[in-house]
Amino acid sequence: MLEPIHIPRLQRLREQTETLEFNEPLADLETLTPVKGQVRVSHKGNYLDVAGQAETIVTLSCHRCLQQFNHRLQMTATEMIWLTDGEAPPDVNDLPFDEDLDVDAMVESLPKDGNFDAAGWVYEQLCLAMPQRQLCDANCAGIELPQTASQNPDRRWAGLEVLRAQLPDT
């Protein structure tokens with residue numbers, strides 16, 4: 001089950017590692033099948049080493065033809081999450097956007113005495129694995145226009161057709 005892992009408890013475990021296996025739906029992710037996978041969290045002193053894999057089936061809408069289709073969503077990810085002394089992360093409104101930001105400060109971090117949200121991490125990784133270009137088929141032709149459209153064009157496009165006719169052929 002994907003329950004939060006209390007970081008100080010993780011330090012007391014043998015090899016300071018916990019492995020969670022799951023086969024359950026995630027609250028914020030609409031899927032056709034439960035999300036199945038595994039997350040391994042290892043305490044490495046001043047950071048957590050997180051590795052996981054998961055898979056499920058989601059329903060997507062094709063960006064070309066707008067038809068819905070099922071897609072096998074899979075992710076394999078690793079991440080290092082730094083452990084801090086409990087200092088709160090800066091508020092987004094307080095960030096100096098007019099200055100160059102330190103890249104080293106732009107990392108995930110958790111308080112040493114906090115919890116690691118395994119379900120949230122799996123959700124984020126699956127969202128990152130979602131295809132940006134959602135096509136039902138590589139050869140999808142897109143929305144098919146009715147045959148009558150070419151015979152009886154919409155008169156609202158007439159002005160545009162006049163301008164198009166004035167352009168030189170390229």
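Which element gives the largest share of the lining of the second largest pocket? That element is helix 2, with 4 residues. Please keep in mind as you look around that this is a predicted model.

**Strand pairing around strand 5**
- In strand 6, Leu110 is the residue opposite Leu83.

**The second largest pocket**
- This pocket has a volume of about 180 Å³.
- Its lining includes Glu79, Ile81, Glu108 and Leu110, along with Asn115, Phe116 and Asp117.
- Gly120, Trp121, Glu124 and Gln125 also line the pocket.
- At least two lining residues come from each of strand 5, strand 7 (115–116) and helix 2 (118–129).
- Sorted by class, the lining has 4 nonpolar, 3 polar and 4 charged residues.

**The largest nonpolar core**
- The core has 31 residues, and Val39, Leu48, Phe116, Val122 and Leu126 have the most contacts inside it.
- Helix 1 (7–12), strand 2 (17–24), strand 3 (35–43), strand 4, strand 5 and helix 2 each supply at least two of its residues.
- Phe116 has a place in both pictures: it lines the second largest pocket and is among the residues with the most contacts in the core.
- As background, nonpolar side chains in soluble globular proteins tend to be buried together.

**Cysteines**
- How many disulfides does the structure hold? The number is 0.
- Cys62 is in no disulfide, and the nearest cysteine sulfur, that of Cys65, is 3.7 Å away.
- Cys136 is in no disulfide either; for Cys136 the nearest cysteine sulfur is that of Cys62, 3.7 Å away.
- Is Cys62 buried or exposed? Cys62 is buried, with a relative accessible area of 1%.
- Cys136 has 35% relative accessibility, so Cys136 counts as partly exposed.

Notes. Residues are numbered from 1 along each chain as its sequence is written. This is a predicted model: local features need pLDDT of at least 70, side-chain atom pairs count only at pLDDT 80 or more; totals for chains, interfaces and linings use all residues. Side-chain values use heavy atoms; hydrogens and water are left out. Two strands pair if DSSP finds at least two bridges between them. On a 1 Å grid over the protein atoms alone, a cavity is a set of points where a 1.4 Å probe fits but cannot get out, and a pocket is an open set with protein on both sides within 12 Å along at least five of seven lines; lining residues have an atom within 4 Å of a point. Grid points are joined across faces, edges and corners, and a volume is the space filled by probe spheres set on the points. Ala, Val, Leu, Ile, Met, Phe, Trp, Tyr, Cys and Pro count as nonpolar, Asp, Glu, Lys and Arg as charged, and the others, Gly among them, as polar. A disulfide is a pair of cysteine sulfur atoms within 2.5 Å. Buried means under 20% relative accessible area, exposed over 50%, partly exposed in between (1.4 Å probe, protein chains only). A nonpolar core is a set of buried Ala, Val, Leu, Ile, Met, Phe, Trp, Tyr and Cys residues joined through side-chain atoms within 4.5 Å.
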